[in-house]
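This report concerns strand pairing and charged side chains. Please keep the model in view while reading.

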Amino acid sequence: TDAILSLDEDAVVIRDEIEFALSVWRDFPDRIVGFPARSHVWDASQSRWGYTSKWMNEYSMVLTGAAFLHRYYTHLYTHHMPGSIRNLVDQTSNCEDIAMNFLVAHVTKKPPIKVTQKKKYYVAPAPPAGELSPAA
């Protein structure tokens, strides 16, 4: 397959979520398809770009810690990404997600696709009969 599942050692995803993300990726193999999303934002007060994980209604990146991408992008990253960017990632052991997202967006002119994880709801067991408080 041309799909690469990029998965950090601390990522928590279940099989159904991985299968769903792969099915989405198969429909959009030119995009990064994954779970955690982030946004880059302009910080006018500091006149520079910033990065946020705040819950927003929009995003510009999907972290590569739990994402599918086409293997071709790893070739581009290794052989065509400017050396200064790769060196920064290597020196800081950080920001590979940002670099990969911007590389793919530059090549495709398309955004990544965020898929949602299933929510795990906890249902408390019902109290034993006779221990229910009367309705107010």
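The text below takes up the sheet, the hairpin, the salt bridges and a charged surface patch in turn.

The model is a predicted one, and its description may begin with an open sheet of 4 strands, which are arranged in the order β1-β6-β2-β7 with mixed pairing. The edges of this sheet are formed by β1 and β7 (113-114), each of which pairs on one side only. Strand β1 (3-7) runs antiparallel to β6 (residues 66-70), and 5 bridges join the two; within this pairing, Ala3 has His70 of β6 as its bridge partner. In general terms, the strands of a sheet pair through backbone hydrogen bonds, in either the parallel or the antiparallel sense.

A further set of pairings involves β3. Strand β3 (residues 37-43) is paired with β5 (residues 61-62) in the antiparallel sense over 2 bridges, and Arg38 has Met61 of β5 as its bridge partner. Strand β3 is also joined to β4 (residues 48-52) by 5 bridges, again in the antiparallel sense, with Arg48 of β4 as the bridge partner of Asp43. Together β3 and β4 form a hairpin with 4 residues between the strands, and in the turn Ser47 has a positive phi of about 50°.

**Salt bridges**

| Residue with N | Residue with O | N to O distance |
|---|---|---|
| Arg71 | Asp2 | 2.8 Å |
| Arg15 | Glu19 | 2.8 Å |
| Lys110 | Asp30 | 2.6 Å |

The salt bridge between Arg71 and Asp2 links distant parts of the chain, with Arg71 in helix α2 (residues 71-79) and Asp2 in the segment before β1, 69 residues apart. Arg71 has a relative accessible area of 48% and is therefore classed as partly exposed, and Asp2, at 32%, is likewise partly exposed.

The salt bridge between Glu19 and Arg15 lies within helix α1, where the two residues are 4 residues apart, about one turn of the helix. Is Arg15 buried or exposed? With a relative accessibility of 63%, Arg15 counts as exposed, because the cut-off for that class is over 50%, whereas Glu19, with a relative accessible area of 40%, is partly exposed.

The salt bridge formed by Lys110 and Asp30 also links distant parts of the chain, 80 residues apart: Lys110 is placed in the loop between α4 (96-108) and β7, and Asp30 in the loop between α1 and β2 (33-34). Lys110 is partly exposed, with a relative accessible area of 37%, and Asp30, for which the value is 23%, is partly exposed as well.

**A patch of negative charge**

Which residues gather in a patch of negative charge on the surface? The patch consists of Asp8, Glu9, Asp10 and Glu96. Of these, Asp8 is located in the loop between β1 and α1 (15-27), and its relative accessible area of 38% makes it partly exposed.

Note on methods
Residues numbered from 1 in each chain as written. Predicted model: local features only at pLDDT ≥ 70, side-chain atom pairs only at ≥ 80, totals over all residues. Heavy atoms only, no water. Patch = residues over 30% accessible without salt bridge, like charges linked within 9 Å, V, L, I, M, F, W, Y side chains within 5 Å. Areas by Shrake-Rupley, 256 points an atom, 1.4 Å probe, with all protein chains shown as cover. Salt bridge = Lys/Arg side-chain N within 4 Å of Asp/Glu carboxyl O. Lys, Arg positive; Asp, Glu negative; His and termini not counted. Charge placed at Lys NZ, Arg CZ, Asp CG, Glu CD. Buried < 20%, exposed > 50% of the residue type's maximum accessible area, 1.4 Å probe, protein only. Pairing = 2+ DSSP bridges.
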